[in-house]
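Me: I've got a model open and want to talk through how it packs. Can we start with the helices and then move to the rings?

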Amino acid sequence: SIYNGWQKVSKQLNLWLYHRKYRQMFAVPTACFWNFDQDFKYYKQIGVREIYAESEYSDLGGMMHPNAFYDLHIYLALKMMDDPTQDARLLINDFMEKYYGPAAESMKAYASYLEKRMAEEKRPIGTVPEDNLEYLDKEFLCTINKLLNQAMKQAGNNEVYKKRIALEYVPLDFSAAKMWDRIPGLQQGLKMSLEQLLCRLEIN
């Protein structure tokens, strides 16, 4: 790999990573934290000393938009940088339990479903315009919406948990709004009008 080549010509190997896609058309539910376990263990194996990872939430210029599970992404990256020998799956589970409380199982289900659907994409996701992603279909958007609605109910009256869950509506609602006229039956599947969707997006 390119890293092995750098090992031969450098006394100290440092990395500058990009943990998100830049120049997005609009926000889409996407994530890459599932790769951290393998990635950071490999970095340790080849002797990486320092890592600088760019992973902004969004920007004011409209080039970067929110991704899914941003807080988990940052938490896991920092934990694996601190000690790459840890089991990332255990860290993810611990985060979900503590961060979402009684809604943890629904949020885990969302994360698992997102991972599954992203893996089905035939092309590298970073090379595909957002409105051409194959997994961004009615089933995907409606399933996520159902899981997030379920999580909201499970959070009960706990406003802290509900605020954290509400952040996950943002990339979903951006995508649904952008694809509204291209996906037949989306209004019926989401059980809300475009006006209601945009109102929820603005609130969150």
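Me: Before the helices, what makes a crossing left-handed or right-handed?
Reply: Look at the near helix against the far one. A crossing is left-handed if the near helix is turned anticlockwise from the far one by less than a right angle, and right-handed if clockwise. Bear in mind that this is a predicted model.

Me: OK. Which hand is the crossing of α3 and α4?
Reply: Right-handed, as α3 passes α4.

Me: What angle do their axes cross at, and how close do they come?
Reply: Roughly 135°, and the axes come within 10 Å. Here α3 covers residues 70–82 and α4 covers residues 88–100.

Me: What about α6 and α8?
Reply: They pack at about 145°, with axes 11 Å apart. α6 passes α8 in a left-handed crossing. On the α6 side the contact is made by Leu-141, Ile-144, Asn-145, Leu-148, Asn-149 and Met-152. On the α8 side it is Tyr-169, Leu-172, Ser-175 and Ala-176.

Me: Tell me about Ile-144. Where is it?
Reply: In helix α6, residues 138–155. Ile-144 is buried, at 0% relative accessibility.

Me: What does it touch, leaving aside neighbours within four places in sequence?
Reply: Pro-29, Tyr-110, Tyr-113 and Leu-172.

Me: Where does Ile-46 sit?
Reply: In the loop between α2 (36–45) and β2 (48–54). Ile-46 counts as buried because its relative accessibility is 7%, and the cut-off is under 20%.

Me: Which residues does Ile-46 touch, not counting those up to four places away?
Reply: Tyr-3, Asn-4, Gln-7 and Leu-13.

Me: Rings next. How many aromatic pairs are there?
Reply: The count comes to 13 aromatic pairs. One of them is Tyr-42 with Tyr-43, which is tilted: 6.4 Å centre to centre and 55° between the planes.

Me: Are those two buried or partly exposed?
Reply: One of each. Tyr-42 is partly exposed at 24% relative accessibility. Tyr-43 is buried, at 8%.

Me: And how do the rings of Phe-95 and Tyr-100 pair?
Reply: Edge-to-face. Their centres are 6.4 Å apart and their planes are at 80°, so they pass the edge-to-face cut-off of over 60 degrees.

Me: Which residues form an aromatic cluster?
Reply: Phe-33, Trp-34, Phe-69 and Tyr-110 form one. Tyr-110 also came up above as a contact of Ile-144.

Me: Last one. Which charged residue sits over the ring of Tyr-99?
Reply: Arg-164. Its charged end is 4.1 Å from the ring centre. Tyr-99 is also among the α4 residues that meet α3.

Definitions and conventions
Residues are numbered from 1 along each chain as its sequence is written. This is a predicted model: local features need pLDDT of at least 70, side-chain atom pairs count only at pLDDT 80 or more; totals for chains, interfaces and linings use all residues. Side-chain values use heavy atoms; hydrogens and water are left out. Rings of Phe, Tyr and Trp (its six-membered ring) pair if their centres lie within 6.5 Å; planes under 30 degrees apart count as stacked, over 60 as edge-to-face and the rest as tilted. Buried means under 20% relative accessible area, exposed over 50%, partly exposed in between (1.4 Å probe, protein chains only). A charge sits over a ring if NZ of Lys or CZ of Arg is within 6 Å of the ring centre and within 35 degrees of the ring normal. Helices (H or I, at least four residues) and strands (E, at least two) are DSSP runs, numbered from the N terminus. Contact means heavy atoms within 4.5 Å. Axes are lines fitted to C-alpha atoms, for helices over the stretch in contact, and angles run from 0 to 180 degrees between N-to-C directions.
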